[in-house]
Amino acid sequence: MENLAFQGLVGLSLAMYLWLIAAGLTIVFGVLGILNFAHGSLFMLGGYFAFTFYGLLGINFWLSILLSLVGVAFIGLLMERFFLRHIYHLDVPYQLLLTFGFILIFDDAVKMTWGGVFMIPPMPDFFTGAVLLFGRPFPIYNLFIIGAGIGVAIGLWLILERTWWGRIMRASASDREMAGAIGVNIPMLFTTVFMFGAALAALGGALSTPVRVVAPGIGTAVIIQAFVVTVIGGLGNLKGAFFGAVIVGVLTAYGILLFPIFELFIIFVVMAVVLLLKPEGLFGE
Amino acid sequence: MSRSMIGRNGKIPILLLVALIVFLFLLPYVAGKYVMYMTMHILVLSVFALGFNVLLGYTGLLSFGQAGFYACGAYGCAKMLLVIPSLLPGVICGVLFAGIIALILGFLCIRHTRIYFAMLTLCFGMMIYSLAWKWRTMTGGDDGLVGIPRAPLEIPGIFSINMSSLGNYYYFVLIVCLLAIMLLYRIVNSPFGLTLQGIRDSESRIAFAGISVKNYRLIAFTIAGLYAGLAGALLPPLENTVTPPVAHWTHSAEPVLATLLGGIHTFAGPIAGAFLFYVIKDIIVRFTEYWLICLGAIVVALVMGLPGGVVSIFEKRLVPWIRLRFAQGGRR
Amino acid sequence: MTELLRTEGLRKAFGHFTAVDGVSIHFTADALTSIIGPNGAGKTTLINLLTGSLPVDSGKIFFKGREITTIPTDERVKRGMGRSFQIMNIFPMLTVFKNIQLPVLSHLHKSLKFLSRIEAHRDAIEEVERILGEVGLWEKRDMVGGELSHGDQRLLEMGIAIASKPELCFLDEPTSGMNPVERVKILENIKKLSQRQTTFVIVEHDMDVVFSLSDRIVVMHRGGIIADGKPSEIKENQNVKEVYLGEELT
């Protein structure tokens, strides 16, 4: 019984990573209508930047995270402004293809800059150690992640509901033409939203560095997880992304515990079932 | 835009095509093992990509899960070869297995279009991957299946051709691929092929031509699956192993890239793209190990500037130029 | 006076807005009918319900005596219905020839043939040539659909609609956006074709067209039918005049 509860917590911390990845993806899809295949690569870049700053250059952990957000947001700016902007009118296949091209570019760019070997970032001092929960040691860092994930969720909710920018985002997401007609600067909005989504991905990547390796190819692994979560929760649906992440995270954790061979398979089955029965997602309209 | 690629009216003169085929048959005599090996891979990717383009270029559906069917073909063939070391049953088994899985999954996938279809195919492809990776008892798990014989091509009692020499297997792959390509050419230029294009162009209109769209999409999906399965089935006797990465979605990207490179809207586009894919990879790799970034840059450039792919340049500039030259040459 | 199509209490609502409100109507084989009415009257929605593009909320539809209320569009087409669209709906990437060839092959039950060359089906090709000649697009047969002028695309629209040899064909604003010359062409075509086995039901705004072509006019308003009769009767109808509020009917 305690095992199950503990595994649930493991699942919850896993869920928070998924939430951070999925949040940016689903916001970008909701407002811009673009499914960014390269979103996982932005996550990866966030990890690499953070690792470089605090792992190699010894900069303060929190500052490193901030810097990596800025760095990846800048890359997002370049992507949107010079490339994505020109294909909004094209069909979905072209979007997926273009962003797939970026996956290839980022994968090699990362190899060129940091080498192809995976690196293990150190854990910042104040997070080392574990806390006894349900009779087993639970890493403090994971508790931090759970807190951070919830914090991001609250923060995003505040931004969307309470700020002017957030309101414009929601308006444009539901009716782009109308938003443009009432004077919203759509190109500027798209750029800022894309940068924001990129920053969220980078946040996920940066926060995950102490607990996973940084390696090229993480981008392609992570994007699949992000897709699964956003599909289950509903494309463009932020609340759905949060709960979808929780579902996937907890299911994966229990899957590893109870059906170790098929836990990956089970997740895809759930995604397939949602797509077949309710393609708008469990929380979508 | 004429779909026909051959003939007086078409884009590639018959003479060129015949010359190409003759050259392919003479290849083992003029080139070494490496070139034969690469040509086989190009042929296999062509078949893979052509099947994929039946879905994209002709029916308007983007599938990111074709590698799943490729894997069905590969594993199906491998399992059969490990039991009956004979080439034909192996390949046929792989193709049929892929086709059946495609029919079943297709039934589920084609109820949706566009983005949900793409995601469903991605999802199913990865489901197959996860099975290939984890189901040790069936698929050998991480290590895959090994020791697959390059079995002889035989019809019991009639003939048996040994395939251990690379040249012999090359001819087998060449003939099978050429036959498959010719069959597909006939299919896309048939009334069925035309109907697929109509579905791509206007789903609402074609219902008013009395066409039940779902059925045709399912058939197109199955054809794509069968061709992916054929491509996959030709692999195990060549490499003697099959491993899970053949089912990963990044492998699904190969026919996508080949088709994009060569051109979505012509029949031969995927073939040209398969050729370009390997040539680019081969050339780039000699100068730098970073060939992915070059490929990525090309993909971005193509989507941004040249959605017709390389074959469109060929059609619009090169062929008229060639014709002009030869016409002038004749007069001199 | 064969009855082709009959509806009973057809109703369709979008949220709070009732687009079609209890429409019971029938169409017979010998009369060319026009459906007119102000914008938002429900004309196109009615056509969508009859052709199967939209599902009905309640009510029944009978075609040639058999109920078709829940039957999909392609099935209705196979039984003899046809339609042209108000918003251009041709096959933009195919040539004019192939635009027509598609429905012709389907009508000949040849769409599933995947092993024969298209050129081998001489009967289909002859039929396509005939239709192209009739609508006057023979010279442009090798042009890509998307490259045609607006008027020619409308002609092509009609060509596609009649290629399946429908007994009952709905034309949704067939002359919209056309110049006078093109309009004459289309009207001639409609007149010519209605001499054969096709019964046309036309949704139109242009009153000249309506009164020159129709044997029968149906007037819709706010989802219901307010008048139904011969052109001369409709001209005198008080309700209709009110609805059009002073617009010239002829």
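How many residues does the contact take from chain A and from chain B? The contact takes 35 residues from chain A and 35 residues from chain B, where two residues count as in contact if their C-beta atoms, placed from the backbone, lie within 7 Å.

The model is predicted, and local features need pLDDT of at least 70, side-chain atom pairs count only at pLDDT 80 or more, while totals for chains, interfaces and linings use all residues. Residues are numbered from 1 along each chain as its sequence is written, and chains are lettered from A, with ligands numbered from 1, in the order in which they are written.

**Chain contacts**

Two pairs of chains touch, and the most contacts are between chains A and B. Chain A and chain C, by comparison, do not touch, their nearest C-alpha atoms being 15 Å apart. The contact of chains B and C takes 31 residues from chain C and 21 residues from chain B.

Ala, Val, Leu, Ile, Met, Phe, Trp, Tyr, Cys and Pro count as nonpolar, Asp, Glu, Lys and Arg as charged, and the others, Gly among them, as polar.

**A helix pair in chain B**

Within chain B, the axes of helix α3 (residues 66-83) and helix α10 (residues 213-233) come within 7 Å and cross at roughly 50 degrees. The two helices, α3(B) and α10(B), are therefore oblique to each other, since angles under 35 degrees count as roughly parallel, over 145 as roughly antiparallel, 65 to 115 as roughly perpendicular and the rest as oblique. The residues of the contact of α3(B) with α10(B) divide into eleven nonpolar, six polar and no charged.

**The nonpolar core**

The largest nonpolar core has 275 residues, and those with the most contacts inside it are A:Val72, A:Ala202, B:Cys123, B:Tyr227 and B:Val299. Such a core is a set of buried Ala, Val, Leu, Ile, Met, Phe, Trp, Tyr and Cys residues joined through C-beta atoms within 7 Å, a residue being buried if 20 or more other C-beta atoms lie within 10 Å of its own. Helix α1 (residues 2-32) of chain A gives the largest share of this core, 18 residues.

Technical notes: Axes are lines fitted to C-alpha atoms, for helices over the stretch in contact, and angles run from 0 to 180 degrees between N-to-C directions. Helices (H or I, at least four residues) and strands (E, at least two) are DSSP runs, numbered from the N terminus. A residue is buried if 20 or more other C-beta atoms lie within 10 Å of its own, exposed if 12 or fewer, and partly exposed in between; C-beta atoms are placed from the backbone.
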